[in-house]
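My entries follow in the order I made them.

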Amino acid sequence: MSSNNLQDDPKDLMRLAKDGDTDAFERLYEIYFVPVFRYIYFRVKNKEETEDLVQEVFLKVYNSISKFQEKGRSPLAFFFVVARNTVIDYWRKKKEIKLDKPEDILKISDTKESPWGLIRRSETISIINEAIRYLPSGQQEVIILKFINDLSNQEIALLLKKSEVAIRQLQSRALKNLRKQLKELRSL
């Protein structure tokens, strides 16, 4: 399969990239940039730091692509494992929490919206971001992976090395806590 006939199937692209096809890796970058950016942004809360970390993730994936083993997993899970470990390393080095405006996440939106839609979305993102910030770290991660990056419970379980039952429990607790946080934020 030549890189000129690339499909958008990440598994095929990953196999090609593993064989040294740089065009296939570029296509993976295009497909996975937004999900990886969102995942890291919600963990780091700083656009510039996120951009640096995303580049680091893609560089690490490129350098370690030979270690990828499909085993029925989506290549996105591999990217998220690298992103998760990169964020963990970042916080170990940083030891400081820094928050930017949550509206910055709109700059990487998948769709174009009207200005009014952007304003409403910005307000909603701010409120949800504030509520997520108060969740315990594990619950934050499950919410971000599930609802921001649209991963299945099975994919999250593989990524976090937990059972699907544990992921469902974490998700349930997180949603309960999130509802509580949102009620409290609305009452302010």
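**Entry 1: helix α6**

I started with E141, which I found in helix α6. Helices are DSSP runs of H or I, at least four residues, and strands are runs of E, at least two, numbered from the N terminus. This is a predicted model: local features need pLDDT of at least 70, side-chain atom pairs count only at pLDDT 80 or more, and totals for chains, interfaces and linings use all residues. Residues are numbered from 1 along each chain as its sequence is written, and side-chain values use heavy atoms, with hydrogens and water left out.

Is E141 buried or exposed? E141 counts as buried, at 7% relative accessibility. Buried means under 20% relative accessible area, exposed over 50%, partly exposed in between (1.4 Å probe, protein chains only).

Which side chain does E141 contact? The partner is R84, through a polar contact of 2.8 Å. A polar contact is a pair of N or O atoms within 3.5 Å; within protein, one must be able to donate a hydrogen and the other to accept it, and residues adjacent in sequence count only if both atoms are side-chain atoms.

I then checked Q139, which lies in helix α6. Q139 is buried, with a relative accessible area of 7%. Its side chain makes a polar contact with the side chain of N177, at 2.8 Å.

**Entry 2: the whole chain**

I counted eight helices and zero strands. The pattern along the sequence reads α-α-α-α-α-α-α-α. Of the 188 residues, 41% count as buried.

**Entry 3: helix α2**

I looked at both ends of α2. At its start, a side-chain oxygen of D21 reaches to within 2.9 Å of the backbone nitrogen of D23. After α2 comes K45, with a positive phi near 65°.

Where does α2 kink? The kink, about 50°, lies at Y32, shortly before the proline P35; the helix spans residues 22-44. The bend at a residue is the angle between axes fitted to the seven residues ending there and the seven starting there.

Next I set α2 against α6 (residues 137-148): their axes come within 10 Å and cross at roughly 150°. Axes are lines fitted to C-alpha atoms, for helices over the stretch in contact, and angles run from 0 to 180 degrees between N-to-C directions. The two helices are therefore roughly antiparallel to each other, a label for angles over 145 degrees. The crossing of α2 and α6 is right-handed, meaning that the near helix is turned clockwise from the far one by less than a right angle.

**Entry 4: rings**

How many aromatic pairs does the whole structure hold? My search found twelve. Rings of Phe, Tyr and Trp (its six-membered ring) pair if their centres lie within 6.5 Å; planes under 30 degrees apart count as stacked, over 60 as edge-to-face and the rest as tilted.

Y41 and F42 form an edge-to-face pair, 6.0 Å centre to centre with 90° between the planes. Y41 is buried at 2% relative accessibility, and F42 is buried at 7%.

F68 and F78 have ring centres 5.3 Å apart and planes at 65°, so this pair is edge-to-face. F68 lies in the loop between α3 (47-64) and α4 (75-94) and F78 in helix α4, so the pair ties together parts ten residues apart in sequence. F68 is buried at 7%, and F78 is buried at 17%.

Last, I noted one aromatic cluster, whose members include F25, Y29, Y32, F58 and F79.

Definitions and conventions:
Angles under 35 degrees count as roughly parallel, over 145 as roughly antiparallel, 65 to 115 as roughly perpendicular and the rest as oblique.
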